[in-house]
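Thanks for making time for this.

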Amino acid sequence: MTSFLKPENALKRAEELINVGQKQDALQTLHDLITSKRYRAWQKTLERIMFKYVELCVDMRKGRFAKDGLIQYRIICQQVNVSSLEEVIKHFMHLSTEKAEQARSQAQALEEALDVDDLEADKRPEDLMLSYVSGEKGKDRSDRELVTPWFKFLWETYRTVLEILRNNSKLEALYAMTAHRAFQFCKQYKRTTEFRRLCEIIRNHLANLNKYRDQRDRPDLSAPESLQLYLDTRVEQLKIATELELWQEAFRSVEDIHGLMCMVKKTPKPSLMVVYYVKLTEIFWISSSHLYHAYAWFRLFLLQKSFNKNLSQKDLQLIASSVVLAALSVPPHDRTHGASHLELEHEKERNLRMANLIGFNLETKPESREMLSRSSLLAELASKGVMSCVTQEVKDIYHLLEHEFLPSDLALKALPLLTKISKLGGKLSTASSVPEVQLSQYVPALERLATMRLLQQVSNVYQTMKIETLSGMIPFFDFSVVEKISVDAVKQKFVSMKVDHMKNVVIFCKTSLESDGLRDHLANFAEQLNKARQMIYPLIGNHQNLELYFQL
């Protein structure tokens with residue numbers, strides 16, 4: 001280890017070594033100077049040395065040297081001149097990105113060059129064998145050797161910088177910028193494995209922030225500026241996760257946002273909450289969680305109606321229509337019917353957890369949570385005036401599927417309405433903050449609902465019916481699909497029926513007068529008769545009313 005009286009002498013010696021092609025010795029010279037306890041006071045010369053140091057690290061792809069040198073430089077200047085550290089780190093990331101871009105531009109086929117699942121994995125044995133067996137390497141293999149090392153180094157650069165900047169109140173803005181750039185790197189090059197690791201790194205940094213509360217220069221999450229930086233980072237993480245279609249990671253990002261706000265007991269700005277609920281609707285739809293999807297749409301509607309004063313009537317109508325159709329798409333039967341006690345407890349816990357995420361409840365008390373169900377959601381839609389905002393086709397399909405009793409032609413009447421609904425939707429204006437609404441995505445679920453409603457109503461009127469007759473009443477599906485739907489409905493005790501293929505008939509098992517469906521149907525019939533009697537013989541007085549009653 002060579003000792004220098006002045007840092008300038010070390011920089012001069014390094015440049016001399018570079019000129020004669022001894023970059024490794026030059027790097028070691030600067031490394032010895034930076035790590036020496038002799039130069040702990042910041043000076044401008046040290047910044048120039050660090051610039052040269054990171055340039056050598058990038059040229060030689062020495063990630064470990066870069067990390068060691070940057071940690072030492074952070075110790076030197078974080079209490080005196082943080083901006084100098086920021087400049088060095090920005091220069092380091094710029095050089096790494098530039099080298100990776102140069103390598104990419106030299107490769108004619110980027111997809112082949114980056115066709116590797118894990119940037120941290122070593123070469124596979126079969127790749128080494130192939131390189132020795134084939135006398136002449138293919139172009140795609142040479143591209144891989146040219147491009148992949150630089151992208152590995154760029155990924156290592158992001159990890160190094162995040163580790164150096166973590167949990168420091170003076171460096172949190174640069175930390176957020178680095179995280180955003182790392183997210184864009186994963187998005188641009190479809191690096192799903194690295195994105196998962198990046199999310200876990202950021203998650204661990206926040207966990208350590210809460211664990212070590214007596215840490216020096218610890219960020220204060222109660223400060224609005226710090227909280228906004230942390231929140232913006234996680235919202236960006238959520239956006240990239242959905243764009244990469246990493247739905248499990250997207251849901252964990254939602255939990256990260258909710259957990260962060262629970263720490264500080266504050267609700268984010270409405271603009272961020274809109275993004276939160278838009279992504280929740282996508283996540284729940286992909287996972288076929290129709291009930292939670294509908295609730296997320298409902299919360300999004302309330303946000304837009306309350307806080308977005310520039311929202312057009314057309315956009316509000318499309319959003320409201322999405323809310324109602326999403327609620328109708330929820331299966332009308334209770335899927336927990338016949339479940340074991342353990343399964344019921346698990347479902348209850350899951351329901352409460354989702355209620356917290358969707359309602360954005362920051363309190364953890366069980367009594368502060370609401371239970372989510374299809375019936376309560378539909379009741380709430382009516383009480384909040386959502387029905388008054390929807391299109392006429394949505395109003396008609398809602399009334400038809402939820403209130404009409406038309407055993408013979410319910411599905412036939414629903415068909416033209418669903419055809420019209422499938423053509424509604426499109427991109428919304430920028431003022432809405434919701435990029436696009438397509439009502440056609442709900443049509444398959446509504447066709448299943450119409451089929452189940454028809455089976456339910458037919459079972460209350462008929463005992464048997466020919467398969468051809470029932471199939472003709474349902475224009476959406478072949479009878480094989482209707483049979484699958486009926487199996488699920490019977491399993492959940494929504495309808496009681498069986499199919500006899502030998503006799504070519506469908507048998508509905510509710511034949512007793514005490515069955516709930518038939519009893520309700522007779523009660524409705526009695527109410528309608530009573531209304532008709534009152535219209536013919538209006539009540540004039542109790543005495544006259546009794547006389548007319550006995551005459552009847």
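Predicted model: local features only at pLDDT ≥ 70, side-chain atom pairs only at ≥ 80, totals over all residues.

Elsewhere along the pairing, M497 stands opposite F508 of strand 5. Between strand 4 and strand 5 the hairpin has four residues, and one detail to look at there is N504, which takes a positive phi near 60°.

On its other pairing, strand 5 is joined to strand 3 by three bridges, and these two strands also run antiparallel.

Let me now step back to the whole chain. It has 24 helices and five strands, and of its 552 residues 45% count as buried. If we take the contacts between residues at least 6 apart in sequence, 72% of them join residues at least 24 apart.

With that count of helices in mind, I want to look at two helix pairs. In general, two packed helices are described by the angle between their axes and the distance between those axes.

How do helix 13 and helix 14 cross, and at roughly what angle? Helix 13, residues 270-286, and helix 14, residues 290-307, have axes that come within 8 Å and cross at roughly 160°. An angle over 145 degrees counts as roughly antiparallel, and helix 13 and helix 14 are therefore roughly antiparallel to each other. The crossing of helix 13 with helix 14 is left-handed. On the helix 13 side the contact includes M273, Y277, L280, F284 and W285, while on the helix 14 side Y292, W297, L300, L303 and F307 are among the residues involved. Sorted by class, this contact has 14 nonpolar, four polar and one charged residues.

The second pair is helix 15, residues 313-328, with helix 17, residues 374-383, which pack at an angle of about 155° with their axes 10 Å apart. Helix 15 and helix 17 are therefore roughly antiparallel to each other as well, and helix 15 passes helix 17 in a left-handed crossing. The residues that meet are V323, V324, A327 and L328 from helix 15, and R374, L377, L378 and L381 from helix 17. By class, that contact has seven nonpolar, no polar and one charged residues.

Finally, I would like to point out two loop residues whose backbone angles deserve a careful look. R61 sits in the loop between helix 3, at 44-60, and helix 4, at 63-77, and its phi is near 55°, a positive value in a residue other than glycine. Is R61 buried, partly exposed or exposed? With a relative accessible area of 38%, R61 is partly exposed.

The other residue is K190, found in the loop between helix 9, at 172-188, and helix 10, at 192-211. K190 has a positive phi of about 55°, although it is not a glycine. Its relative accessibility is 60%, so K190 counts as exposed.

That is where I will stop, and I am happy to return to any of these places in the view.

Methods:
Residues numbered from 1 in each chain as written. Heavy atoms only, no water. Axes fitted to C-alpha atoms, helices over the stretch in contact; angles between N-to-C directions. Parallel < 35°, antiparallel > 145°, perpendicular 65-115°, else oblique. Left-handed = near helix turned anticlockwise from the far one by under 90°. Contact = heavy atoms within 4.5 Å. Nonpolar A, V, L, I, M, F, W, Y, C, P; charged D, E, K, R; others polar. Pairing = 2+ DSSP bridges. Buried < 20%, exposed > 50% of the residue type's maximum accessible area, 1.4 Å probe, protein only.
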